[in-house]
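Work through the exercises below with the sequence and the model open. Each task is followed by its solution in steps.

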Amino acid sequence: MLITLLFSLLVSSGAAAEKDSAFPRLTDTKAVEAFVDSADVVVIGFFEGEESHGYQELVAAAKQVDSVPVALCTVKEVWADYSLSSDTITLFRKADNHQENLVIATVKKLDADGLVNFISINEVRYITEYNQVTAVGLFNSEVKTHLLLFANRGGKEYTELKELLGALAPDFTGKFLFVLINGAEKTNSRSLGYFGLKSGDLPRVGLYDGDSDMKWLLPAGEMSTERVREFCQSFLRGELKEVQQAGAEAKTEL
């Protein structure tokens, strides 16, 4: 409650209260910083004004991706703080401290569906559910090591384990991307098989390092915050590379 109140105060101090605007207006850097810090993933339209090409398309896209907060910034002095010089739609995400820019002048065809795709592909959160769309953003991230939770949606442990990893993920920002793989989804059978798992073996926690194309499983047992944290730390210390890999032969994709 306190965090929400503080965010509201910060944004309101730098946001113009215009009832006709589809998005909150951010008029200084502090307001932008507060907005970026308010959620795992946010989008800001850096436009000269609401009449700019791309603005109405962003309004339409935002209605389809309502899980991602969207705001508007028309103050060019603020743009410079984010290395922007022309109308740009920017996605900010906390999981890997990434800023993804879509420069309007470089887009050949700009429409709402394209912007929905841009947001969905890059919507990498502290814990991201793996699917064909999010896979693009996950593998395009500069963070190449993934901590994987394999669990069956609907199982009694699913929500509890998701919350456990979600709480742990911020401690490893920039080091790991935390990924949830639903073992009950048939299209994810390849991902499970890559680690030598079947749906009946779940829940399990694994780790995939894209740089070395190596993978490991946390030994079966209690899935506590302490065990998962130590699993991550053992990788960072270089100890896992001395441990036998999980599953079958190595591949480069999940």
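Contact here means heavy atoms within 4.5 Å. Helices (H or I, at least four residues) and strands (E, at least two) are DSSP runs, numbered from the N terminus. The model is predicted: local features need pLDDT of at least 70, side-chain atom pairs count only at pLDDT 80 or more, and totals for chains, interfaces and linings use all residues. Residues are numbered from 1 along each chain as its sequence is written, and side-chain values use heavy atoms, with hydrogens and water left out.

**Exercise 1.** Find which residues of H3 meet H5, and classify them.

Step 1. From H3, Glu 57, Leu 58, Ala 60, Ala 61 and Gln 64 meet Ala 112, Asp 113, Leu 115 and Val 116 of H5.

Step 2. This contact comprises six nonpolar, one polar and two charged residues. Ala, Val, Leu, Ile, Met, Phe, Trp, Tyr, Cys and Pro count as nonpolar, Asp, Glu, Lys and Arg as charged, and the others, Gly among them, as polar.

**Exercise 2.** Describe the order and edges of the open sheet.

Step 1. Its five strands are ordered S5-S7-S6-S8-S9, with mixed pairing; two strands pair if DSSP finds at least two bridges between them.

Step 2. S5 (127-129) and S9 (214-217) each have a single partner strand, so one side of each lacks a neighbour in the sheet.

**Exercise 3.** State how S6 is joined to S8.

Step 1. S6 (residues 145-151) and S8 (residues 204-209) run antiparallel and are joined by six bridges.

Step 2. Leu 149 is opposite Val 205 in S8.
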